Amino acid sequence: MLNKQAGNTNDDDYRALFEQASDVILVTDLTGNILDINTSGCHFWGYDRKEMLGKNTREFVDQEQLKNDPLTIPELVEGRHIIRRRKIQKKNGEIVELEA
């Protein structure tokens with residue numbers, strides 16, 4: 001449960017939720033550069049946090065798939081919910097298909 005004092009939620013509480021989530025969570029800028037990633041994301045991709053920061057999400061998506069079905073960041077900024085099946089490559093070379 002989040003600790004609320006005078007209507008404000010502590011940033012440490014948000015950080016704890018972010019880090020303890022079992023789902024992969026990425027925070028990116030408008031061009032797909034990774035600004036933050038949670039522990040589950042690091043485990044999934046096989047990189048440590050420092051290695052992931054600054055990488056672009058396009059680096060992990062199958063390039064042929066990306067060419068045929070590009071990322072739709074402007075539509076996400078508009079608030080649209082877009083889910084695509086993507087082939088993602090992990091650090092060890094393994095390719096997995098997931099919804100992103």
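**Group meeting talk: a predicted protein chain**

Good morning. I begin with charge: in this predicted model, the mean positions of the 14 positive and 18 negative charges of the protein chain lie 3 Å apart. Here Lys and Arg are taken as positive and Asp and Glu as negative, with His and the chain ends not counted; each charge is placed at NZ of Lys, CZ of Arg, CG of Asp or CD of Glu.

A word on the basis of these values. Residues are numbered from 1 along each chain as its sequence is written, and side-chain values use heavy atoms, without hydrogens and water. As the model is predicted, local features need pLDDT of at least 70 and side-chain atom pairs count only at pLDDT 80 or more, while totals for chains, interfaces and linings use all residues.

Let us turn to the fold. The protein chain has 5 helices and 6 strands, which are DSSP runs numbered from the N terminus (helices: H or I, at least four residues; strands: E, at least two). Along the sequence their order is β-β-α-β-β-α-α-α-α-β-β. The C-alpha trace spans about 50 × 35 × 20 Å along its principal axes.

How much of the chain is buried? Of its 100 residues, 28% count as buried, that is, under 20% relative accessible area, with exposed meaning over 50% and partly exposed in between (1.4 Å probe, protein chains only). The chain exposes about 7,100 Å², of which carbon and sulfur atoms supply 50%; such areas come from the Shrake-Rupley method with a 1.4 Å probe, and for residues only the protein chains shown count as cover. Among contacts (heavy atoms within 4.5 Å) between residues at least 6 apart in sequence, 23% join residues at least 24 apart.

Next, the largest pocket. Its volume is about 740 Å³, and 25 residues line it, of which L26, T57, L71, L76 and A100 lie nearest its centre. Two or more lining residues come from each of strand 3 (26–28), helix 2 (39–45), helix 5 (73–77), strand 5 (85–89) and strand 6 (95–99). Strand 3 gives the largest share, 3 residues. A pocket is an open set of points on a 1 Å grid over the protein atoms alone, where a 1.4 Å probe fits, with protein on both sides within 12 Å along at least five of seven lines; lining residues have an atom within 4 Å of a point.

Y14 counts as partly exposed because its relative accessibility is 46%; A16, at 31%, is partly exposed. The C-alpha atoms of Y14 and N68 are 36 Å apart, and those of A16 and I83 are 26 Å apart. H43, in helix 2, counts as exposed because its relative accessibility is 65%. Its C-alpha atom is 9.8 Å from that of K90, 47 residues away along the chain. Thank you.

Notes. Points joined across faces, edges and corners; volume = space filled by probe spheres on them.
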